[in-house]
Amino acid sequence: MALRGGSKTYTMEIEETIQNRVQARDAAMRLLNRLTTGAAVSALVGVGILGAVSAHTIPGTAGSSTASTATTSSSSSTTITSSGLQSSTTPVTSSASSAVAVSGGS
Amino acid sequence: MSKRFELAVDRIKCDGRGLCAEILPEMIRLDSWGYPIIAPGPIPEHLMGLAQRAVEDCPVLAIALRRAEAQKQKA
Amino acid sequence: MTDTLLWYTTRGAGAVSLVLLSAVVVLGILSVLRVQSTAWPRFLTAGLHRNLALMTLVFLALHIVTAVVDPFTHLGWLAAVVPFSSYYRTFWLGLGTIAFELLLAIVVTSLVRSVIGQVAWRLVHWLSYASWPVAVLHGFGTGTDAWSAWLFALQAVCIVAVLAAIGYRLMAGSRDPLAAARSSFQAGVDRREVK
Amino acid sequence: MGAERLASHVGRLGPLPKGGHSLVELLVRTGLTGRGGAAFPVGLKWRAVAAASRASAVVIVNGAEGEPHSKKDRLLMSSRPHLILDGAFLGAAAVHAKEIVLYIGEGHHAAMRSMAEAVAERTAGERRLIRIVLAPARYVAGESSATVHLVDAGIATPTTTPPPSHQRGVAGAATLVQNVETLAHVALIARTGAATDTVLVTVAGAVRTPGVLEVDSGTPVGEAVRLAGGPSEPARALLLGGYFGRWVEAADAWSLPINPQALRAMGLSLGCGVLGVLPVSQCPVCEVAGIMRYLASESSAQCGPCFFGLRALADACTRIAERGTDAGDLQRLHRWSAEVQGRGACKHPDGAVMFLQSALKTFGGDFAHHPAHLRRSA
């Protein structure tokens, strides 16, 4: 008899918690979608921002003309490793650009 | 009728991660120790999507869909 | 003009991919640790882990495609597939290729996990611990000039996050509540050597 | 009471008859059921293995006998080894097996020796088929998927079913796992063409001369207890079928027929043939608590519901035994036993839970009004 009564209240408990758990599931599913969309948007924005930062920190700064001349000059001499060429110019601008980096990052 | 499925748990693989019960509370609850208790019978049509999700999301591949008919023949 | 845009996109997408990949690794570890709360069920961790992993592939694709078509670097498609085959920064770029291919293997096996089985999937998934550091190294090596300061800051954050997660995992031990009892029982009924 | 030699075995019963397909149909007709505990119809099992065999089946002769009170399998192995081997060869022929594995409990030394000697007396062709494997002395080691797992991988733990062993067993081949007593019955049925009319039982507990008896099928339980010297003190209840069996009040128990089919029709089971007599001097609650503790400790810890569920049930039983009845614990016993049922890869949790449920039914009053004490079996 204890069993009858016990199991009955127990099933009622279950019915109630199912409702709560369904709601929790739906909320979490919505959260998952929002977080995923949010991540996608911020990643796209991130590409833009970081691309821009990268443009600013390129030696000789933002001027796209300078950058494109750099490309043409290097493409004419492919055998020379361009990394060596670029790194030699860094010391001049590095301290200034890292300051930009810090402010941009915050 | 022939497309009715039910959920089957591989009890040895199952290590009580509980994702299935979170995803499909309509049919799955956890016992006092965190292991799933599956409601008997075929999965209602409107829950099939979630059931599939529960199967795919199991971190240890311990839960599967199987034809409800096959079970009936056995029993 | 388009050349430089490509170049910037390559770098931006690369950095974003690294952040995403780190997030994926951290989420994967949190999954194993069974982290949860009422508002944050475990399937949310798993779902985010999967969604961000797929997203990482998309941004990596952007990173690679823009790098390959960029006339400045003269990479060619071969370099994107075969590690250490580029003239441009052979070693560091090769690392990127390796990291990408490992990641690809991890994602593809995850998509067909039910076909290849849990054991094979898990073996391949352990490669995450190889793919991520290789990707970080690739970032260090190819990050040019002052940009590297930016990248460095970003990478530092990623590295701290992932190392913290790994440390937490190592400290936590196995989260399978049956593991200890199971292995001690099996030790008692293991007759492999007698056979 | 040594082991019967081949010559006297053949002299007594005649040579091994041809079996094959007609024997399978004969077994189906006689309705012989397995004597290891599960009471699965033998003919149907053989038919299934034969169908899945592709001439590469394996026969496992199950002499693990992990049931704590059962002694009949080891007695049969140490006294009538050739009868068992006959059954095994008939089985191998019927299911087109390429191998016979004698799976013997590693503690059953006399049985082991007897079987090995009997094998040595057989022809070279027969000997080539046979391999002897020792079973760890654990309760689940005799479970059919565990026997297959030991032969296959060297670990006697149950594996996930389906597929059942008779479809995919040793090395993926169809495997016939059959208890030794069952095979002995087969050897007799093959010779006579009729159902056997005896049953082996182990009478244990509060009787004067506990031990193994061969009784005519249908003999009342009370008669078997009398043959075992009668109760050594007034009996309270009978545990029919071992630890996976059912409790029956002594007053109702004595008239029960020792016949697998008849008992099954009454919702009972002869199981592995253990008749355990519980005396009035012993507290049933404490006895049940002790057995539940044992069954919990014999879970192979592969399935959570079995490992944690049986442990929690044993804990609750022990609490009632030690500290007296608690309404909450009693309710938990009912709820958890319903929850655990059917949620293991093998039938271990089911067996334990059915044992407990039968105890709760038979000793309902004792569980409801248990004083605080714990009397282990004296």
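**Briefing: strand pairing, helix packing and a chain contact**

In chain D, strand β1 (residues 57-63) pairs with β4(D) in the parallel sense over 5 bridges. Within this pairing, D:Val59 stands opposite D:Leu176 in β4(D). The model is predicted.

**Sheet of chain D**
- The open sheet of chain D is formed by 4 strands in the order β3-β2-β1-β4, and the pairing is parallel.
- β3 (130-135) and β4 (175-179) of chain D each have a single partner strand and stand at the edges, so one side of each is left without a neighbour in the sheet.
- From one strand to the next, the twist averages 20°.

**Helix pair of chain D**
- Helix α5 (residues 81-94) and helix α6 (residues 109-121) of chain D have axes that come within 9 Å and cross at roughly 65°.
- The crossing of α5(D) past α6(D) is right-handed.
- From α5(D), the contact draws on D:Pro81, D:His82 and D:Leu85, and from α6(D) on D:Ser114, D:Met115, D:Ala118 and D:Val119.
- This contact of α5(D) with α6(D) comprises 5 nonpolar and 2 polar residues, with no charged residues.

**Contact of chain C with chain B**
- Chain C has 12 residues in contact with 11 residues of chain B.
- On the side of chain C that touches chain B, α2 (42-69) and α5 (113-116) of chain C each supply at least two residues.
- α2(C) gives the most to that side, with 3 residues.
- By class, the residues of the side of chain C that touches chain B are 5 nonpolar, 3 polar and 4 charged.

Methods:
Residues are numbered from 1 along each chain as its sequence is written. Chains are lettered from A and ligands numbered from 1 in the order in which they are written. This is a predicted model: local features need pLDDT of at least 70, side-chain atom pairs count only at pLDDT 80 or more; totals for chains, interfaces and linings use all residues. Two residues are in contact if their C-beta atoms, placed from the backbone, lie within 7 Å. Ala, Val, Leu, Ile, Met, Phe, Trp, Tyr, Cys and Pro count as nonpolar, Asp, Glu, Lys and Arg as charged, and the others, Gly among them, as polar. Axes are lines fitted to C-alpha atoms, for helices over the stretch in contact, and angles run from 0 to 180 degrees between N-to-C directions. A crossing is left-handed if the near helix is turned anticlockwise from the far one by less than a right angle, and right-handed if clockwise. Two strands pair if DSSP finds at least two bridges between them.
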